[in-house]
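The structure comes first, then my notes.

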Amino acid sequence: MKMRLVFMGTPEFSVNSLRVLNELGNEICAVFTQPDKPKNRGKQIMTSPVKDYAVNNSIPVYQPRSLRKGEDAEESLRVLKEIAPDAIIVVAYGQILPKEILELPRFGCINAHASRLPKYRGAAPIQRCIQDGETETSLCTMKMDEGLDTGDVIMRRDVVITPEMTGTELSAELSQISGELIAETLVRLQNETAVFSAQEYCREPSYAKMITKEELNLDFTLPAKRVYDLIRAMADVPCCYTFLDGKRLKVYRSRLTERTSELPAGSIADAGSFAVVCGDGVCIELTEVQHEGGKRMATEAFLRGKRLSERTVLGV
């Protein structure tokens, strides 16, 4: 039996789950997504990928600034009560749901979270697990409660994180799994075979805090492995950066090497391969970059138009 659903989500990661639920014939009564944002200094308006999909498929869209206070919250609650959904599906929505909404649907509010809960609760689980050098993670579906990613887990699927995998690549894989797992979770809820498991609480469940612009500025005094993991975690968005000749240099890809150098951290040890010394004396090669005002390109192409000087220190 198909369900009456409300979907709440915002980024590209969420779109596949919405698409799967829609294509399975469920009645998507409404989509809630974050408000449109200005871009290019306010000259254009940027809509969310979830909104774009909903509009293209004639699904009603709501964009409240808050679900917890103010007129937007009151109107949203009224709309949801009128819809009376069987379930509300939440995938990277970006807002906290109040108790009144959590308790409204027949089957509750079901969230897909991109980590092996209770590890990496919060806003940036995909990037943080790669940044920390994890070798595996999970996609979990859970019944939401009032805590931050603390609800009972219904289903979980594990994923291997390869040594070269980027945040973009892991996000794509987990997004694909998300749609499949949510669909299966709804089937189990309907036929009453869903098993609700309390999260395996440890003393300090880890929290995947939001990414700040400041931490994207590469600190080459860190060990090479940590710098490498940060670069691949933040690729392709939001993307790490440093400074070369006083201009911002975005770093999309890098490579760990066995090369070592006694030069200060941040120094270019080899201009031919763009090898940079890190805090432990080990070098990483910057393999895909974008200099301020230029195009994104492989380092081989970048070096054809830019002569580097060995011993130049990045970040200044």
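I took a polar contact as a pair of N or O atoms within 3.5 Å, where, within protein, one must be able to donate a hydrogen and the other to accept it. The model is predicted.

Asp149. I found Asp149 in the loop between β9 (136–143) and β10 (152–160). Asp149 is buried but has no salt bridge. The nearest side chain of opposite charge is that of Arg121, 6.5 Å away; a salt bridge needs the nitrogen and the oxygen within 4 Å. A polar atom of the Asp149 side chain does lie 2.7 Å from the backbone nitrogen of Gly122. Beyond its neighbours within four places in sequence, I listed its contacts, among them Asn111, His113, Met142 and Gln199.

Salt bridges. I read off 21 in the structure. Glu82 and Arg78 form one at 3.2 Å, N to O. The two sit four residues apart in helix α3 (residues 70–83), so about one helical turn separates them. Glu82 is exposed at 64% relative accessible area, and Arg78 is partly exposed at 42%.

Arg157 and Glu180 meet at 2.7 Å, N to O. This pair links distant parts of the chain, strand β10 and helix α6 (residues 167–190), 23 residues apart.

Asp229 pairs with Arg232 at 2.9 Å, three residues along in helix α7 (residues 224–234). Both are buried. I also noted one network of salt bridges with shared partners, joining Arg116, Glu136, Arg156 and Asp158.

Cysteines. I counted zero disulfides. Cys109 is buried at 1% relative accessibility.

How values were computed. Residues numbered from 1 in each chain as written. Predicted model: local features only at pLDDT ≥ 70, side-chain atom pairs only at ≥ 80, totals over all residues. Heavy atoms only, no water. Buried < 20%, exposed > 50% of the residue type's maximum accessible area, 1.4 Å probe, protein only. Lys, Arg positive; Asp, Glu negative; His and termini not counted. Contact = heavy atoms within 4.5 Å. Disulfide = S-S within 2.5 Å.
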